[in-house]
Amino acid sequence: MNRATSWTLALGAVLTFGCAGGPASESVADGAPSPEALLEQARAIHDRVLVLDAHADTELPDAPSPYVGDDGLSQVDPAKLHAGGIDAVVMSVAVGSGPRTPEGYAAARSRADQEVAAVLELAADPANNAVVARSADEIVAAHEQGKAALILGFQNAMILGTDVSALDGFYDAGARVFALTHLGNNDFADSSRPVFDAATGTHEAAEHGGLSDLGVAAIERINALGGVVDVSQLSREAALQVLEVSTAPVIASHSNARQLTDVSRNLSDEEIDGIGEIGGVVHVCPFRGYLYDSSDASLDEAIREARRAAGVLEDYLYPFELYWEIDDPAARSAFTQSISDLLGPGSVDAMLDHLEYIVGRIGVDHVGIGSDFNHGGGVEGFADASEALGVTVGLLERGYDEADIEKIWGGNFLRVMRAAEAAKTPVE
């Protein structure tokens, strides 16, 4: 990518993050590269290879959001993409849970249509130097032309109502990555984050035991269209069923390892191994609620106490779970802030620990990075797209070479996308 943009932000991020030789103000151990040398190496790699973020949420213009940066702009604003050397990003069209009624489905579809329009509008503005890419070849072409490639993603089949064929309209609009669930079960599949059932005082039970018949039909339709199936946010049972149904490799666009952080949104070893076995990719995520040390008993008790104080369930699927059940906005904000304070700023190192765990199980050909920016993603050293070089520095410190980094930062995703395109069949 042609990057005339200043690298000052990235340099500051890397020096703050720290490197193997210690802070820049300290002497560097004999033979170890300095932070500045590592940054230059990372920058050169980003200039040569295609760098892709497999998941960010779409912000609506001028709409209030708690997730944007301190500057009020999207964490994947095109200027930040260019500054961080990120060439492509999957922009998810996502909705939350809602009533499964004609009105609820219509509201979900309306929100999704607005988000699709927002991405198309972003690409239409010449100042953003961006295009909507609809194939692996178009992503590569955008990179060669120095443009940011925006890939439309789809998240939550609530958007479809109960009509599997509605997937075709989103594919025609440019969507190429498809996830069936978000928060809460829907008519297609069970979620890894079932919503709270006030009537029983518990989380909703698994409704389908994985995928419903609609869900199976949707996976088959996505395969036929040539789209990439995304298992992030699915229940364990649903994800494992997808691995049996899909005729093409799948991705998890923003998930970490449950063995390291025991929360429902992370993947079990069985899911990780299964994704690798069919040629898929797990994209690790800088989301603090999926990265903290869940074996820390004192931290666990502090989280439980914060939840009791807020009046939500003490038992939790992950620390922020159930905050939407708090009606008072001030109380809700206080609760999420208390959990945020307990988790701390997070770190690139913690994210890379998860990446290395997954590499140890299924190999470097099956890992990637999906930030979940604009929906809670971000840790110290990788708070938005402009700081992506800090991740590459961390990979270099851990001994990954350029060929590995090219796979991790997009090559593996492109391989899956090409396999999905090759598996495309005529649809009626």
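**Exercise 1. Find which residues ring pairs link into a cluster.**

Solution. Ring pairs join Phe287, Tyr290, Tyr318 and Phe320 into a cluster. Rings of Phe, Tyr and Trp (its six-membered ring) pair if their centres lie within 6.5 Å; planes under 30 degrees apart count as stacked, over 60 as edge-to-face and the rest as tilted. The model is predicted, so local features need pLDDT of at least 70 and side-chain atom pairs count only at pLDDT 80 or more, while totals for chains, interfaces and linings use all residues. Residues are numbered from 1 along each chain as its sequence is written, and side-chain values use heavy atoms, with hydrogens and water left out.

**Exercise 2. State how many aromatic pairs the structure holds, and describe the pair of Phe154 and Phe178.**

Solution. Start with the total: the structure holds nine aromatic pairs. Next, take the geometry. Phe154 and Phe178 form a tilted pair, with 5.7 Å centre to centre and 40 degrees between the planes. Then place the two rings. Phe154 belongs to strand S4 and Phe178 to strand S5, so the pair ties together parts that are 24 residues apart in sequence. Helices (H or I, at least four residues) and strands (E, at least two) are DSSP runs, numbered from the N terminus. Last, look at accessibility. Phe154 counts as buried at 3% relative accessibility, and Phe178 counts as buried at 1%. Buried means under 20% relative accessible area, exposed over 50%, and partly exposed in between (1.4 Å probe, protein chains only).

**Exercise 3. Describe the pair of Phe373 and Phe382, and say whether these residues are buried or exposed.**

Solution. The pair is edge-to-face: 5.0 Å centre to centre, with 70 degrees between the planes. Both Phe373 and Phe382 are buried.

**Exercise 4. Identify the residues that touch the most other members of the largest nonpolar core.**

Solution. A nonpolar core is a set of buried Ala, Val, Leu, Ile, Met, Phe, Trp, Tyr and Cys residues joined through side-chain atoms within 4.5 Å. The largest such core has 87 residues, and Leu180 and Phe382 touch the most other members. Helix H12 (residues 348-362) supplies the largest share of this core, eight residues. A second, separate core has 21 residues, among them Ala136, Ile151, Ile251 and Met417. Now turn to Leu180 itself. Leaving out residues up to four places away in sequence, Leu180 has contacts (heavy atoms within 4.5 Å) with residues including Asn156, Phe188, Leu211, Ile222, Asp230 and Leu234.

**Exercise 5. Give the volume and lining of the largest cavity.**

Solution. On a 1 Å grid over the protein atoms alone, a cavity is a set of points where a 1.4 Å probe fits but cannot get out, and a pocket is an open set with protein on both sides within 12 Å along at least five of seven lines; lining residues have an atom within 4 Å of a point. Grid points are joined across faces, edges and corners, and a volume is the space filled by probe spheres set on the points.

- Search: the whole structure has two cavities of 30 Å³ or more.
- Volume: the largest cavity has about 40 Å³.
- Lining: His55, Val90, Ser92, Gly153, Phe154, Gln155, Val177, Phe178, Ala179 and Asp230 line the largest cavity.
- Elements: strand S2 (88-94), strand S4 (148-155) and strand S5 (175-179) each supply at least two residues of this lining.
- Class: five lining residues are nonpolar, four polar and one charged. Ala, Val, Leu, Ile, Met, Phe, Trp, Tyr, Cys and Pro count as nonpolar, Asp, Glu, Lys and Arg as charged, and the others, Gly among them, as polar.

**Exercise 6. Do the task again for the second largest cavity.**

Solution. The second largest cavity holds about 30 Å³ of space. Its lining consists of Val93, Val116, Leu152, Gly153, Phe154, Phe170, Ala173 and Ala175. S4 and helix H6 (167-173) are the elements that give two or more residues to this lining, and S4 has the largest share, three residues. By class, the lining has seven nonpolar, one polar and no charged residues.

**Exercise 7. Describe the largest pocket by volume and lining.**

Solution. The volume of the largest pocket is about 1,100 Å³. Of its 41 lining residues, the closest to the centre are Pro66, Tyr67, Arg288, Gly376 and Gly377. H11 gives the most to the lining, five residues. By class, the lining has twelve nonpolar, 17 polar and twelve charged residues.
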